[in-house]
Amino acid sequence: MAWLCNVEAEPAELVRSNATWRFFRGTREASTPDPTAWRAVTFADNAWPNGGAPFSYGEPDIANGTRLDGMQNSFSTIYLRHRFVLPAEREIASLELVAVCDDGFIAWLNGREIARYNAPSDAPRYDSLAGANAVEPVGFVNFIVPTPEQVLAAGTNVLAVQVFNVSLGSSDLVFDAALLATLRTPGPPTIVGIAPLPGVVTELGQVTVTFSEPVTGVQAGHFLANDVPAVSVTGSGATYTFTIVPRLTGPCRCAGARSTRSRTWPTRRIDSIWRRPVRTGPMNCWIPRGLRSCSANHRPI
Ligand SMILES: [Ca+2]
């Protein structure tokens, strides 16, 4: 539901198609003694040459990228690494790898596998072969990463790919990929529910507030009624009930107060939402019993 997501999401290309990668020809393992070490963020790939994607041979229609002349009948795999930085203040909402490949590949993000296509059935080696021929013409295929927050990290990340040809003598090889994300910047919680609703009440002893997400650090003094703090608060998660003593029977001006915190939020924002609630109308129209005229005591917060 849209009102629960108090953030703005935007697409981001963490790794672009035609990007420059560090690459290693699979004439031997890319790392020893641990043949998986090359997939880690910390692996030193300085000695690997840079090459632009797509990586290919035997494809006369591909004019750009890195031509792997000499691969046919010589080696069946290549290793690729690409670094990118994820800003610390961003959260990841979705992630997918989009790849074009002849014949197969396995992709790891920070050492964790995120996608495989026509991959060998056993543990990949430098001389492994793709599990099947790519169907031509090859096109970009999407691979959704289901739990991106578990593989992406703030700061430096590494996308590592091993590409497999179907045979040493295969007439061609192609690989290019992009890593696409939806990023969002966390925002403060909003108030999505208030009880009693603004309007006419005869007296006011409690107010229950529901936030758009669980918050922490809520204290009675964060809620003011006629500028007097509530005396107690109960609740947890996203919903809290403030008790006002004595019960108010006159015009009541209510507002959220300072510094409730959820993960990182000041609640200055809560005040502003309270003052201008989108869904519930003006907040301070608490009309006391016996009042002749509503308008006489209706003062905007
Ligand atoms: Ca091939």
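These legends walk through several close-up views of one predicted model.

**View 1**
Welcome to the model, whose residues are numbered from 1 along each chain as its sequence is written. Because this is a predicted model, local features need pLDDT of at least 70 and side-chain atom pairs count only at pLDDT 80 or more, while totals for chains, interfaces and linings use all residues. Here pLDDT is the predictor's confidence in each residue, from 0 to 100. The chain averages a pLDDT of 78, and 73% of the residues score at least 70. Residues 1-7 have a pLDDT below 50, with twelve contacts beyond near neighbours in sequence; two residues are in contact if their C-beta atoms, placed from the backbone, lie within 7 Å. Over residues 257-301 the pLDDT also stays under 50, and the model has 77 contacts beyond four places in sequence for this stretch. The chain holds one helix and 19 strands; these are DSSP runs (helices H or I, at least four residues; strands E, at least two), numbered from the N terminus.

A nonpolar core is a set of buried Ala, Val, Leu, Ile, Met, Phe, Trp, Tyr and Cys residues joined through C-beta atoms within 7 Å. A residue is buried if 20 or more other C-beta atoms lie within 10 Å of its own, exposed if 12 or fewer, and partly exposed in between, with C-beta atoms placed from the backbone. Of the 301 residues of the chain, 32% count as buried. The largest core has 48 residues, of which Cys101, Phe105, Ala107 and Val163 touch the most other members. Strands that each supply at least two of its residues include S1 (8-15), S7 (91-102) and S12 (173-185). S12 gives the largest share, eight residues. A second, separate core has eleven residues, among them Val192, Val209, Val218 and Tyr240.

**View 1. A six-stranded open sheet.**
Follow the strands in the order S3-S2-S6-S11-S8-S9, paired antiparallel; two strands pair if DSSP finds at least two bridges between them. S3 (50-52) and S9 stand at the edges with a single partner strand each, so one side of each has no neighbour in the sheet. On average, neighbouring strands are turned by 30 degrees against each other, direction ignored; the strand axes are lines fitted to C-alpha atoms, and angles run from 0 to 180 degrees between N-to-C directions.

**View 2. Strand S11 and its partners.**
In S11, seven of the ten residues are buried. Antiparallel S6 and S11 are joined by ten bridges, and Ile78 has Val163 in S11 as its bridge partner. Six bridges join S11 to antiparallel S8, where Trp108 stands opposite Ala160 in S11. S6 is also joined to S2, by four bridges, and Phe23 stands opposite Leu80 in S6.

**View 3. Ala30, in a loop.**
Ala30 lies in the loop between S2 and S3. It is buried, with 25 other C-beta atoms within 10 Å. Leaving out residues up to four places away in sequence, Ala30 touches Phe24, Trp38 and Tyr79. Asp45 is 15 residues from Ala30 in sequence, and their C-alpha atoms are 9.6 Å apart.

Gly65 is in the loop between strand S4 (55-57) and strand S5 (66-67), and counts as partly exposed, with 17 C-beta neighbours inside 10 Å. Gly52 is 13 residues away along the chain, yet 4.7 Å separates the two C-alpha atoms. Gly65 also touches Pro54, among other residues. The peptide bond from Ala53 to Pro54 is cis, with omega near 5 degrees, and Pro54 sits in the loop between S3 and S4.

**View 4. Two asparagines with positive phi.**
Asn73, in the loop between S5 and S6, has phi near 65 degrees, a positive value in a residue other than glycine. Asn73 is exposed, with 10 other C-beta atoms within 10 Å. Asn110, in the loop between S8 and S9, has phi near 55 degrees. With 18 C-beta neighbours inside 10 Å, Asn110 counts as partly exposed.
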